[in-house]
Amino acid sequence: MFFETVWKLITRYGHFFTEGLRNTLIIAVVAVVAGTFLGALMALMRMSKVTPLRWLATAYIEFFRGTPLMVQLMFIFYGLPMIGVSFPEISFIPDFPRFMAGIVAMSLNSCAYVAEVIRSGIQAVDPGQMEAARSLGFRKGEAMRIVVLPQAIRNILPALGNEFVTVIKESSVVSVIGIADLMYRTNGVKAKTYNTLECLFVAAILYFITTFFFSKLISFAERRMAHERK
Amino acid sequence: MSGNELLRVEHLTKTFGKLTVLNDISTSFAAHEVVSVIGPSGGGKSTFLRCLNLLEQPSSGHILFDGVDICDKKTDINLHRQKMGMVFQQFNLFNNMNVLKNMIAAPVKILHMDPEQAKEKALGLIRRVGLEDKLESYPSQLSGGQKQRIAIVRALMMDPEVMLFDEPTSALDPEMIGEVLEVMKNLAQTGMTMIVVTHEMRFAREVSSRTIFLDGGVIAEDKPSHELFDRPQNPRLISFLQKVL
């Protein structure tokens, strides 16, 4: 009976779920890519010798990691327009400001976590590596680029993959501001069919398949990297 | 030794917070001289050596290398470090590169040496330490003694004027100490200027021409090695030698 309903939901409303999943993935990919660039910058600031930059980065990271994503999202979507900051409408992308608010909130949030991933990845490299490079006459930036970063990448990439998986799951909160992600579509089908349990079951399975797939991909890449080093 | 003075240390002081590690040290090193620095742990030996190429920034004082004050903010320390090879206790081979890349990275990237030429040079040097079959190996596949021998020739790739050794055998298993000391001994015979922080008293006595006893942040005794070991004057040196010999 349960699985019959599930099957009916999949055949009849499958495209709702897949469209939702597609949007979830778009948001997660953009957020992690943007978060990685911003996070790298933030990590550099956090490790900077310039004290104000370091403070700024530390404050940012602590704030975004110490407040709920939901609050950050609401702040950007409802709060910012009240002080005159809003995203422009774009004719060929429906609901662009809404979508942007979700992506920006997820990116800014992800940035804080990625910054810490990158910082700890770099700091986990034995300081002796940097010293040896400097003792040969390499400048700091060069030593960073050819000696430290290639080693830090091995620490950073797997953690970055985990961050992506986390963002896929966390992104379900954007449904509360009406972005048509997987969670939002699930609620839609639920409201239409009253098959609450079955709908949530389908959503959970879709989320799980996605995150499981990416987790496996990450551990495969991790093994490959460990192998190359030999 | 004034004519061919290579490195001169003037009133070098290094403090970490309230702790004074080096207290007003002055000395100098001549070209082709092999000097051992001995002393109890915490006496400032490693800090002294690390100040010579500014891996540790001196709190005050001057270090003159080839007559240039490298503590001067206007001096480009990177240029001078190219001429000062350093060997570390923990080897510090670049883990992301094989042995060959470890050796040619600095000459190719910093001195813009032709990679083929650099490879020829690396081959010549690595034969001297008997590890020519390890060129393609990664540091994780080498023993401690092998790593340290590679670290020494990596530094030699830059044709340094002086080699600084920071306890090069302290992290090695006993049976590997000999092979590294042998390389250092051969290097000393080629006329390389060497400053060696070490616990190997036999090396200090037999290979180095001069030994400095550093204790409590000051040079307590500084003499030709045989004299220092045969007729120590300073009571702290006498008790130190009694403990280690």
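## Where the two chains meet

Let's start at the contact, to which chain B brings 25 residues and chain A brings 19 residues. Keep in mind as you look around that this is a predicted model.

The size of an interface is often given as the accessible area lost when the parts come together. Here, about 2,000 Å² is buried between chain B and chain A, with carbon and sulfur atoms giving 54% of that area. On the chain B side, the residues that lose the most area to chain A are B:Asn78, B:Phe94 and B:Asn96, which together make up 27% of what that side buries.

## Polar and charged links

Between chain B and chain A there are 2 salt bridges. You can look for a salt bridge between B:Asp76 and A:Arg139, whose closest N and O atoms are 2.9 Å apart. The two chains also share 9 residue pairs in polar contact.

## The chain B side

Several elements of chain B each supply at least two residues of the side that touches chain A: α2 (77-81), β6 (84-87), α3 (99-109) and α5 (144-156). The most comes from α3(B), with 3 residues. By type, the residues on this side of chain B are 13 nonpolar, 7 polar and 5 charged.

## The nonpolar cores

In soluble globular proteins, nonpolar side chains tend to be buried together. The largest nonpolar core in this model has 63 residues, and A:Phe138, B:Phe48 and B:Ile195 touch the most other members. Leaving aside residues up to four places away in sequence, A:Phe138 touches A:Ala133, A:Ala143 and A:Ile146, as well as B:Asn78, B:Ala105, B:Ala106, B:Lys109 and B:Ile110.

Apart from this core lies another, of 41 residues, including B:Leu123, B:Leu125, B:Leu131 and B:Phe165.

Terms used
Residues are numbered from 1 along each chain as its sequence is written. Chains are lettered from A and ligands numbered from 1 in the order in which they are written. This is a predicted model: local features need pLDDT of at least 70, side-chain atom pairs count only at pLDDT 80 or more; totals for chains, interfaces and linings use all residues. Side-chain values use heavy atoms; hydrogens and water are left out. A nonpolar core is a set of buried Ala, Val, Leu, Ile, Met, Phe, Trp, Tyr and Cys residues joined through side-chain atoms within 4.5 Å. Buried means under 20% relative accessible area, exposed over 50%, partly exposed in between (1.4 Å probe, protein chains only). Contact means heavy atoms within 4.5 Å. Buried area is the accessible area (1.4 Å probe) that two parts lose on being put together, summed over both. A salt bridge is a side-chain nitrogen of Lys or Arg within 4 Å of a carboxyl oxygen of Asp or Glu. A polar contact is a pair of N or O atoms within 3.5 Å; within protein, one must be able to donate a hydrogen and the other to accept it, and residues adjacent in sequence count only if both atoms are side-chain atoms. Helices (H or I, at least four residues) and strands (E, at least two) are DSSP runs, numbered from the N terminus. Ala, Val, Leu, Ile, Met, Phe, Trp, Tyr, Cys and Pro count as nonpolar, Asp, Glu, Lys and Arg as charged, and the others, Gly among them, as polar.
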